[in-house]
Amino acid sequence: MSIKKKIFSLLNVLVGIILVLSACSGSEETSSEGEDQSGKSIEKAGGEITFGLAAEPTTLNTYMQNGTHGRTIKLAISRGLYNYNENGELEAELAESYEANDELTSYTFELRDAKFHNGDKVTGEDVKYTFERIIDDESTATFNDDLSLIDDIEVIDETTVTFHLSEPSAPFLHYTALPESVIVSKDWTEEHPDEVETYQMGAGPFKFVEWNQGSHLVVEKFEDYYKEDKPYLDEVRFEFFDDENTRVNALRSEDAELIETVPWKDATSIEEAQHLKLDNKNGPFMQLQFNTEFEPFSDPKVRRALAYAIDRDNIIKTAFSGRGEPIYGMAILDGYLGYDEKFENYFEQDYEKAKELLTEAGYPDGFEATLLATSQYGMHEQTAVAVQSELKKVGIEVELDLPDWATRTNKNMEGDYDFLVAGTAGDITDADWMSNFYEGGEVRLNNSAYFDDEQINQLLEEGREESDEAKREEIYQELMTRAMELSPFVYLNWREQSYGMVENINGFTNLDGFLSFQSGVTLEETYIEE
């Protein structure tokens, strides 16, 4: 990302004089300027904001994915070799560049001159240590499986490191851009093994100050950040508001200048408030996820019957205050590799078709099943309620299991459910995001329990290994056709993911599509317009 050029005007000269005088009087404040849409010069530097998060992180251990709130804090403090920028594009961060061999089995990164917050230089040894820590056999890293194709990491010199992969990987660069792949300091982590859960030593725009558990976490500007005019803010105070009404009221009263996860019931009023604004995007989606060892969900006909049975508009009205868009097929966005309009509307709402499939599968009178969701988040509970109501219309009696979120997640990871409600998104913008959903053989967070299809596994492998984009497009088209036929997931709707902010907060961007959960990367661009 290029550094914006300063505008040499009389105003800048005056500001410069003021800053010189301030420095002489002992102030260490710095200045960074830009332009608004009218061309007017804006002073961007300085100031503090409170950012209201919907939950408190369970850990600061960087390789764990623990929600949007955890990722937001992580991306304030740390950076990866690459990250997605405010336009949703892959952008070099701690790496300046990379090269891959023709076979896509070797990736070499050249590192930029960057420092960790303790002043240590970011080196190839830190990169090697970071990824070896993730792929270790004993590691609990969220993307341990996805990155297990790393066979060896070779440190060529202090600023050059090569990854040798056990198999070709066209999307490998995307996996280095995950928030869970941010680079950690080898020396600091080895010296402070008991602090990795509660402290984060990063090389990002803000450095950790304190975590008052149950209340707030504070970060402050890192003066030696490698982007010399970033970040603009001096301090960000993250406050934890589990209750959505409290979070919204904090924004309305301006006790918080920025909040995540605006409830759908409040979105319109925030849009219309003169002193507030809403940044909302469709990207995350809601789905039903099946345990394919549970009869009758072991039968694809039954799973497809549910896809036909559910009126998605009723889900949106019940759980999302009418905001969002239905999905009657595959959860893939226009512009993403593999997208085809036919996968948007593969199914249609049709009770008779649903009953016909149930009869063919041997369940003409329906059956009973338990739907796992959670009472901790309204959108999950209300989605479950709406699904229960819809399936009753085709003879399926659904009992709801609504534990707290931690219990629900544990049941998911153990495959202890008949079917469940999930709210999620792809983790990368490459079509290989589907591996984390459809690749068989294990019970994983986004994977339908015990689903394992040899054809889909083969197509996923071919898609990863192919470098030609046109051929990859054909592979993923075939894969999605097979995925719709087997329907280990029934996708329900795109949901709006919204950030609310006071009118003078600028630069923070809700990233498009799947990347909304990574919007915290734009805190380095955020400033207060006076």
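In which sense of crossing, left-handed or right-handed, does helix H9 pass helix H12? In this predicted model, H9 passes H12 in a right-handed crossing, where a crossing is called left-handed if the near helix is turned anticlockwise from the far one by less than a right angle, and right-handed if clockwise. Residues are numbered from 1 along each chain as its sequence is written, and side-chain values use heavy atoms, with hydrogens and water left out. Because the model is predicted, local features need pLDDT of at least 70 and side-chain atom pairs count only at pLDDT 80 or more, whereas totals for chains, interfaces and linings use all residues.

The mean pLDDT of the protein is 91, and 92% of its residues reach 70 or more, pLDDT being the predictor's confidence in each residue, from 0 to 100. Over residues 1-31 the pLDDT is below 50, and this stretch has 26 contacts in the model beyond near neighbours in sequence, contact meaning heavy atoms within 4.5 Å. The pLDDT is likewise below 50 over residues 37-41, a stretch with six contacts beyond near neighbours in sequence. Where pLDDT is low, the predicted coordinates should not be read in detail.

Helices (H or I, at least four residues) and strands (E, at least two) are DSSP runs, numbered from the N terminus. Helix H9 (residues 312-320) packs against helix H12 (residues 378-392) at an angle of about 145 degrees, with the axes 8 Å apart; axes are lines fitted to C-alpha atoms, for helices over the stretch in contact, and angles run from 0 to 180 degrees between N-to-C directions. From H9, the residues Asn314, Ile315, Thr318, Ala319 and Phe320 meet Met379, Gln382, Thr383, Ala386, Val387 and Glu390 of H12. By class, this contact has six nonpolar, four polar and one charged residues, where Ala, Val, Leu, Ile, Met, Phe, Trp, Tyr, Cys and Pro count as nonpolar, Asp, Glu, Lys and Arg as charged, and the others, Gly among them, as polar. Glu390, which lies in H12, is buried with a relative accessible area of 2% (buried means under 20% relative accessible area, exposed over 50%, partly exposed in between, with a 1.4 Å probe and protein chains only). Leaving aside neighbours within four places in sequence, Glu390 is in contact with Ala309, Ile310, Asp311, Asn314 and Tyr351.

Strand S19 (residues 489-502) is mostly covered, with 14 of its 14 residues buried. Strands pair if DSSP finds at least two bridges between them, and strand S14 (residues 276-290) is joined to S19 by 12 bridges in an antiparallel arrangement, in which Asn280 stands opposite Ser498. Strand S13 (residues 258-259) also runs antiparallel to S19, over two bridges, with Leu258 opposite Met501. In strand S18 (residues 419-424), five of the six residues are buried; S18 pairs in the parallel sense with strand S16 (residues 368-372) over two bridges.

A further set of four strands forms an open sheet in the order S6-S7-S9-S8, with antiparallel pairing. Its edge strands are S6 (95-100) and S8 (150-157), each pairing on one side only. Strands S7 (residues 106-111) and S9 (residues 160-165) are joined by five bridges, and Ser106 stands opposite His164 in S9. Helix H3 (residues 124-135) lies across S7, S8 and S9, running at about 170 degrees to S8.
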